[in-house]
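Here is a short tour for a reader meeting this structure for the first time. Take a look at it before reading on.

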Amino acid sequence: MWGCDALNARHPGRLQAVLNALDGMSFDRREAPLAERLALQRVHAGDYVDLLERAFAQTSEGLVRLDPDTFVSTGSREAAYRAAGACVAAIDAVMAGEDDIAFCAVRPPGHHAEPQQAMGFCVFNNVAIAAKHALDHHGMARVAIVDFDVHHGNGSQTVAEHDARILFASTHQSPLYPGTGAAYEHGLDNNVVNVPLPAGAGSALWRQAMGAQVLPAIDAFAPDLILVSAGFDAHKADPLAQMELGEADFAWAGNALRELSLRHCKGKLVSTLEGGYDLGALAASAVAFLGALQRD
Ligand SMILES: [Zn+2]
């Protein structure tokens with residue numbers, strides 16, 4: 001597990017809640033390295049990284065706004081670089097055979113970040129950077145990104161729309177921020193699978209959507225690696241959405257994804273933290289999900 005303790009201004013307790021909850025689990029915990037610019041630029045434009053560097057340089061004078069929801073402070077540069085760096089290091093470790101399961105306990109999240117725009121608390125698209133690193137650096141042929149955060153991962157979809165080696169499959173509440181993720185969007189070669197669900201969907205409808213659309217799409221894609229944008233804000237206690245899931249649903253997803261990773265990827269599965277804004281639900285959901293992934 002890669003942790004990043006360099007917290008920025010927003011929700012500083014979120015990461016600590018997850019790290020505390022995972023203390024009892026048998027993870028080999030490692031400090032996240034800073035991402036290299038080469039890894040960032042597999043997803044993000046060089047101009048965008050330059051713009052961020054100018055914004056980070058201005059944080060000594062106070063918060064700097066990147067987008068209506070996304071502000072950076074003095075700790076943000078390190079946090080953002082370590083969040084992306086954790087995902088790259090996790091891929092390297094899994095590829096080196098050090099373990100088959102890795103979890104990146106990072107902030108800020110990443111799945112809303114577009115190649116040229118910060119959005120929705122996200123600065124770098126951590127999961128997309130991981131996908132490109134696996135493809136371009138390690139020579140994998142196909143990588144699947146599963147995104148069960150309650151919000152649509154618009155930035156990750158944008159990356160998949162330009163790269164048919166990536167399958168992007170998402171369940172999300174709709175209508176809800178960011179307003180993207182329609183079911184009719186299919187990407188380049190049916191490599192985008194969106195399953196928008198209404199507020200109040202609940203466990204049965206969500207599992208049905210996963211079982212009927214997301215999991216079969218991964219199975220058919222036969223990826224070399226499964227990446228998970230693991231946001232836990234679909235939990236019924238979360239204040240930002242109304243998907244109404246419980247911890248048992250995340251354990252169910254962990255089991256199903258573990259099975260697919262064993263079938264296609266020699267067990268290789270890297271997940272990274274996205275949203276989750278009720279601290280108790282976030283911690284319990286992460287434990288349930290990772291506990292299911294760790295089973296033999
Ligand atoms: Zn979210």
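The model is predicted.

## The zinc site

Three residues supply the protein donors of the zinc ion: Asp-149 through two OD atoms, His-151 through ND1 and Asp-233 through OD. The donors lie 2.0 to 2.7 Å from the zinc ion. Along the chain they follow the spacing D-x1-H-x81-D.

The angles between the four donor atoms run from 52 to 153°, so the arrangement is irregular. A tetrahedral site would need all angles between 85 and 135 degrees. Asp-149 is buried, at 1% relative accessibility. His-151 is buried too, with a relative accessible area of 8%.

Helix α8 covers residues 247-264, and helix α9 covers residues 279-294. Their axes are 7 Å apart and meet at an angle of about 25°. Angles under 35 degrees count as roughly parallel, so α8 and α9 fall in that class. Their crossing is right-handed. On the α8 side, the contacts include Phe-250, Ala-251, Gly-254 and Leu-257. On the α9 side, they include Ala-284, Ala-288, Phe-289 and Leu-293.

Helix α7 spans residues 202-221. The axes of α7 and α8 come within 11 Å and cross at roughly 15°. This pair is therefore roughly parallel, and its crossing is right-handed. Among the α7 residues that meet α8 are Trp-206, Met-210, Leu-215 and Ile-218. Among their α8 counterparts are Trp-252, Ala-256, Leu-257 and Leu-260.

Ile-218 is found in helix α7. Its relative accessible area is 0%, so Ile-218 is buried. Beyond its sequence neighbours, Ile-218 touches Ala-144, Val-146, Leu-167, Pro-223, Ile-226, Leu-257 and Leu-260.

Asn-191 sits in the loop between β7 (166-173) and β8 (192-197). Asn-191 is buried as well, with a relative accessible area of 1%. Leaving out residues up to four places away in sequence, Asn-191 touches Ala-160, Asp-163, Ala-164, Ile-166, Leu-167, Phe-168 and His-186. How far apart are Ile-218 and Asn-191 in sequence and in space? They are separated by 27 residues in sequence, and their C-alpha atoms are 9.6 Å apart.

## Helix α1 and its cover

Helix α1 runs over residues 13-21. Its buried residues are Arg-14, Leu-15, Ala-17, Val-18 and Leu-19. What covers them includes β5 (101-105), β10 (269-273) and α9.

## Backbone features

Most residues other than glycine have a negative phi, and most peptide bonds are trans. Some places in this model depart from that pattern. The peptide bond from Arg-107 to Pro-108 is cis, with omega near -5°. Pro-108 lies in the loop between β5 and α5 (126-137). The bond from Ser-174 to Pro-175 is also cis, with omega near 0°. Pro-175 is in the loop between β7 and β8.

Ala-222 is not a glycine, yet its phi is positive, at about 50°. Ala-222 lies in the loop between α7 and β9 (225-230). At 24% relative accessibility, Ala-222 is partly exposed. Lys-266 also has a positive phi, near 50°. Lys-266 is in the loop between α8 and β10. Is Lys-266 buried or exposed? Lys-266 is exposed, with a relative accessible area of 73%.

Notes:
Residues numbered from 1 in each chain as written. Predicted model: local features only at pLDDT ≥ 70, side-chain atom pairs only at ≥ 80, totals over all residues. Heavy atoms only, no water. Donors = N, O, S within 2.8 Å, 3.2 Å for Na, K, Ca; no water. Tetrahedral: all angles 85-135°; square planar, octahedral: opposite > 155°, others 65-115°. Buried < 20%, exposed > 50% of the residue type's maximum accessible area, 1.4 Å probe, protein only. Axes fitted to C-alpha atoms, helices over the stretch in contact; angles between N-to-C directions. Helix = DSSP H or I, 4+ residues; strand = E, 2+ residues; numbered from the N terminus. Parallel < 35°, antiparallel > 145°, perpendicular 65-115°, else oblique. Left-handed = near helix turned anticlockwise from the far one by under 90°. Contact = heavy atoms within 4.5 Å.
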